[in-house]
Amino acid sequence: MLIVVTGGSGSGKSAYAEEQVMAFGERQRVYVATMFPFDEESHKRIERHRRMRAHKKFETLECYTGLARVKLSGTIQAYSAQEEHCPGNRRKTEKPVVLLECLSNLTANEMFQEGGAGENTVEAVLRGVLSLEEQAFALVVVTNEIFSEAALYEGDTRRYQNYLGKINQELARRADRAVEVVYGIPVKLKKDSERLCRLEALGGRRDEEILGEL
């Protein structure tokens, strides 16, 4: 299950993406952070996002490159151990809901960091996202709207735009829901899939029950 959320800087897309995760009920929540803290501003943004996630029970994984190598089994096992003795616990073996934020940082990291994918960035990012989707009950992906500026760019900046554009297009095509957040208002870019509508209605139930009805 894949939900894609885009929007410009300060649009409210992060808050909306977290709302989408919370809508799936009391499941394990995993936040995959891709922003590399290379300067004071990035440290401030990371701290702001952590405050936004406070009290929402997210487990955070840092991943700057090589998203396809991320395995959620470790976080699920840790969550299982934590919840094992909780009265009435029945979710310890279920897949988590994952929030990946964001594709624009991940794309830049793969392009420019040592050991990144370089010219194979598009393939590497898409492969990583699909791997996460397979491991998750639902995956919410945040990306950025950077294509509305009138300025013309060249060189690496233009190549970055091309790569991110290709990634966004492919994920939007595959997504069960694709939304652009404008001034805090979500605008749907395509009709929700029937699968997502059924899944949201069943979100608080066990995986085996849900799979029998999808």
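Q: How much of the protein chain counts as buried?
A: Of its 214 residues, 46% count as buried. The model is a predicted one.

Q: How many helices and strands does the chain have?
A: The protein chain has eight helices and seven strands.

Q: What share of the contacts join residues at least 24 apart?
A: Taking contacts between residues at least 6 apart in sequence, 74% join residues at least 24 apart.

Q: Which residues does Leu132 touch?
A: Setting aside residues up to four places away in sequence, Leu132 touches Val32, Leu67, Val70, Leu72, Val98, Leu100 and Leu139.

Q: What does Gly128 touch?
A: Gly128 touches Leu67 and Ala68, again not counting residues up to four places away in sequence. The C-alpha atoms of Gly128 and Thr65 are separated by 9.4 Å, while the two residues are 63 residues apart along the chain.

Q: Now strand S4. How many of its residues are buried?
A: Five of the five residues of S4 are buried, so the strand is largely enclosed by the rest of the structure.

Q: Which way do the residues of S4 point?
A: Val97, Leu99 and Glu101 point one way from S4, and Val98 and Leu100 point the other way. All of these are buried. In a regular strand the side chains alternate between the two faces of the sheet.

Q: What joins S2 to S4?
A: Five bridges join S2 to S4, and these strands run parallel. Arg29 stands opposite Val97 in S4.

Q: And in which sense do S4 and S5 pair?
A: S4 and S5 pair in the parallel sense, over five bridges. Leu100 stands opposite Val141 in S5.

Q: What follows S4? Where is Cys102 placed?
A: Cys102 is in the loop between S4 and H4. The peptide bond from Glu101 to Cys102 is cis, with omega near -5 degrees.

Q: Moving to S6, in which sense does it pair with S1?
A: S1 and strand S6 (residues 177-182) pair in the parallel sense over five bridges. The bridge partner of Gly7 in S6 is Val181.

Q: How does S6 pair with S7, in the parallel or the antiparallel sense?
A: S6 and strand S7 (residues 185-188) pair in the antiparallel sense over four bridges. Within S7, Ile185 is the bridge partner of Val182.

Q: How many residues lie between S6 and S7 in the hairpin?
A: The hairpin has two residues between S6 and S7. Tyr183, in the turn, has a positive phi of about 55 degrees although it is not a glycine.

Q: Is Tyr183 buried or exposed?
A: Tyr183 has 78% relative accessibility, so it counts as exposed, for which the cut-off is over 50%.

Q: And Val182?
A: Val182 is found in strand S6 and is partly exposed, with a relative accessible area of 32%.

Q: Which residues form the nonpolar patch on the surface?
A: Val182, Tyr183, Ile185 and Val187 form the patch, and together they have about 430 Å² of accessible area.

Q: One last item: what is the phi of Lys57?
A: Phi of Lys57 is near 60 degrees, a positive value in a residue other than glycine. Lys57 is found in the loop between helix H2 (40-52) and strand S3 (58-62). At 65% relative accessibility, Lys57 counts as exposed.

Terms used. Residues numbered from 1 in each chain as written. Predicted model: local features only at pLDDT ≥ 70, side-chain atom pairs only at ≥ 80, totals over all residues. Heavy atoms only, no water. Contact = heavy atoms within 4.5 Å. Pairing = 2+ DSSP bridges. Patch = residues over 30% accessible without salt bridge, like charges linked within 9 Å, V, L, I, M, F, W, Y side chains within 5 Å. Areas by Shrake-Rupley, 256 points an atom, 1.4 Å probe, with all protein chains shown as cover. Salt bridge = Lys/Arg side-chain N within 4 Å of Asp/Glu carboxyl O. Buried < 20%, exposed > 50% of the residue type's maximum accessible area, 1.4 Å probe, protein only.
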